[in-house]
Amino acid sequence: MGSLDPNLTNTSSPSNPIEFKPLDHEEFRKQAHQMVDYIADYYKNIENFPVLSQVQPGYLLSSLPQTAPARPEPFEVILGDVSKYIFPGMTHWLHPKFFAFFPATISSAAFVGDMLCNAFNSVGFNWLASPASTELEMVVMDWLASMLKLPTSFMFSGTGGGVIHGTTSEAILCTLVAARNRAMAATNVDNPVSKLVVYASDQTHSTFAKACKMIGIPPKNIRLIPTTVDSKFALPPCHFRKCIKADVAAGLVPLYLCVTVGTTSTAAIDPLEELLDIAGDYDIWVHVDAAYAGSACICPEFRYHLNGVDRVDSLSIAPHKWLLTYLDCCCLWMKNPSLVVKALGTNPEYLKNEPSESNSVVDYKDWQIGTGRRFKSLRLWFVLRTYGITNLQNHIRSDIGMARYFESLVRSDPRFEIVAPPNFALVCFRFNPTSEFKSIKIESLNRELLDRINSTGQVYMTHTIASGVYMLRFAVGTTLTEKRHVVAAWKVIEKEAQVISTTLKLNT
């Protein structure tokens with residue numbers, strides 16, 4: 001690898017510049033073919049790598065030069081350095097034995113769609129900047145809404161509409177801003193932001209509280225309502241009712257309720273219809289965060305989890321988690337997009353144009369935080385057309401089937417127990433070899449077990465704590481995972497658990 005050479009003579013000057021062609025089509029063709037072969041070999045051989053990176057902090061900082069090269073370096077050398085320096089520091093999210101967090105799924109269709117997105121390099125902030133980018137996004141958002149059986153009030157073909165954001169964090173932030181502005185316009189109290197209150201369960205993704213702070217909600221007004229084992233780690237409607245009544249009595253203004261379908265910790269499902277019955281008594285924005293589990297609702301047998309969605313203000317899902325579209329892709333639908341446009345819209349002179357001024361087109365810059373945006377809908381369009389609804393449904397069902405199989409393996413071993421209702425393709429369990437251990441000892445054993453499992457490099461899992469219960473999470477869903485990988489992962493879990501069990505016996 002090169003670095004700046006102080007003795008290097010620069011022969012370039014303003015009057016005699018060196019010829020530089022950063023996009024030569026034949027060179028691009030050659031390098032792109034090499035890169036596709038490199039990536040295809042990576043996918044083919046990915047099982048040969050440890051799932052979790054084994055490097056220590058600072059490994060790359062001490063390996064690479066401190067300055068960029070002054071002279072060009074051969075493509076082959078750069079690619080060689082990827083293998084030498086980058087690969088060791090990769091935790092392989094696409095590895096078939098990656099069962100941590102929630103999956104980030106991929107597909108050939110999405111990959112080539114993203115290639116085309118990069119090729120166009122469209123900066124589609126308004127319709128005129130890229131009519132195809134804007135209108136294809138409108139089309140695929142309506143397609144996916146139809147697959148989810150959403151009412152037309154969320155569709156461009158009806159009275160609503162949708163937008164592709166980067167992640168759920170952005171979707172929640174944008175709808176919070178719209179809800180805040182609507183509430184502030186309707187109140188006559190002094191310092192209205194200090195009176196606004198937001199609601200969610202303590203299992204709601206941490207990005208919710210972060211977004212609330214970003215729009216000025218006082219931390220003391222963020223109600224993260226406790227869940228319990230008895231509530232299946234979902235938001236209890238009775239507690240929500242009690243909380244919102246107390247806030248109104250105290251002169252506060254209920255602003256926003258975030259209902260989660262498939263929480264990050266345990267894939268818990270908040271009871272949407274019951275919560276809506278309570279929220280309906282207040283002028284409160286209701287958002288459904290179905291980032292993970294929403295994709296499963298394209299299957300008729302899981303669609304009931306969205307029952308009542310016709311009464312909410314907005315809904316978001318993240319196809320990059322389960323619909324094979326690569327990171328990042330979050331779909332947000334709103335009944336009244338004009339509220340977001342009113343809150344986030346900008347109209348500088350340098351972006352004014354006749355179609356926008358006529359209000360006859362969608363300018364997506366006003367549906368998001370930033371101005372510039374990529375042609376992300378190409379990925380989703382390629383996925384939906386290449387695979388079709390039936391194959392995508394079968395993909396979801398296959399992952400859930402493998403999770404149910406893993407659940408059966410856990411239940412077959414008396415040393416383990418299921419500690420949260422198994423929803424979708426997530427199984428939450430723990431090692432509990434004897435009923436004599438107290439919770440602190442059980443937690444210690446499971447922490448040790450997780451460390452032993454992940455240190456093998458053969459499997460990667462994560463943990464969570466819900467209602468004070470420490471548990472291990474096994475999330476099925478990476479594109480390359482097959483039943484044999486689930487079986488192999490269970491064998492690693494059993495083996496490491498046996499080591500701990502033997503140690504316990506020796507110490508008693």
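Which residue lies over the face of Y405, and at what distance from the ring centre? Select Y405 and K483 together: K483 lies over the face of that ring, 4.2 Å from its centre. The model on display is a predicted one, and the tour continues from here.

**Another charge over a ring**

Select F437 and K441 next. The charged end of K441 sits over the ring of F437, at 5.9 Å from the ring centre.

**Aromatic rings**

Now display the aromatic side chains; the model holds 28 aromatic pairs. Y199 belongs to strand β2 (residues 196–201) and F240 to helix α7 (residues 237–249), so that the pair links distant parts of the chain, 41 residues apart. Both Y199 and F240 are buried.

Proceed to a cluster of rings by selecting F99, F406, F416, F429, F431, F474 and W490, which ring pairs link together.

**Two packed helices**

Two packed helices are described by the angle between their axes and the distance between the axes. Select helix α5 (residues 168–186) and helix α10 (residues 337–344): they pack at an angle of about 85 degrees, and their axes are 8 Å apart. Helix α5 is therefore roughly perpendicular to α10, since angles of 65 to 115 degrees are counted in that class. To view the contact, show C174, V177, A178, N181 and R182 on α5, and L339, V340, A343 and L344 on α10. The residues of this contact comprise seven nonpolar, one polar and one charged.

Most residues other than glycine have a negative phi, and most peptide bonds are trans. The remaining stops depart from these patterns.

Select L327 and D328, which are joined by a cis peptide bond with omega of about 5 degrees. D328 is found in the loop between α9 (319–322) and β7 (330–334).

Move to N121, in the loop between α3 (108–120) and α4 (131–147). N121 is not a glycine, yet its phi is positive, about 50 degrees. Is N121 buried or exposed? With 59% relative accessibility, N121 counts as exposed.

Finally, select S467, in the loop between β10 (462–466) and β11 (469–475). S467 also has a positive phi, near 50 degrees, in a residue other than glycine. The relative accessible area of S467 is 34%, so this residue is partly exposed.

Terms used:
Residues are numbered from 1 along each chain as its sequence is written. This is a predicted model: local features need pLDDT of at least 70, side-chain atom pairs count only at pLDDT 80 or more; totals for chains, interfaces and linings use all residues. Side-chain values use heavy atoms; hydrogens and water are left out. Axes are lines fitted to C-alpha atoms, for helices over the stretch in contact, and angles run from 0 to 180 degrees between N-to-C directions. Helices (H or I, at least four residues) and strands (E, at least two) are DSSP runs, numbered from the N terminus. Angles under 35 degrees count as roughly parallel, over 145 as roughly antiparallel, 65 to 115 as roughly perpendicular and the rest as oblique. Contact means heavy atoms within 4.5 Å. Ala, Val, Leu, Ile, Met, Phe, Trp, Tyr, Cys and Pro count as nonpolar, Asp, Glu, Lys and Arg as charged, and the others, Gly among them, as polar. Rings of Phe, Tyr and Trp (its six-membered ring) pair if their centres lie within 6.5 Å; planes under 30 degrees apart count as stacked, over 60 as edge-to-face and the rest as tilted. Buried means under 20% relative accessible area, exposed over 50%, partly exposed in between (1.4 Å probe, protein chains only). A charge sits over a ring if NZ of Lys or CZ of Arg is within 6 Å of the ring centre and within 35 degrees of the ring normal.
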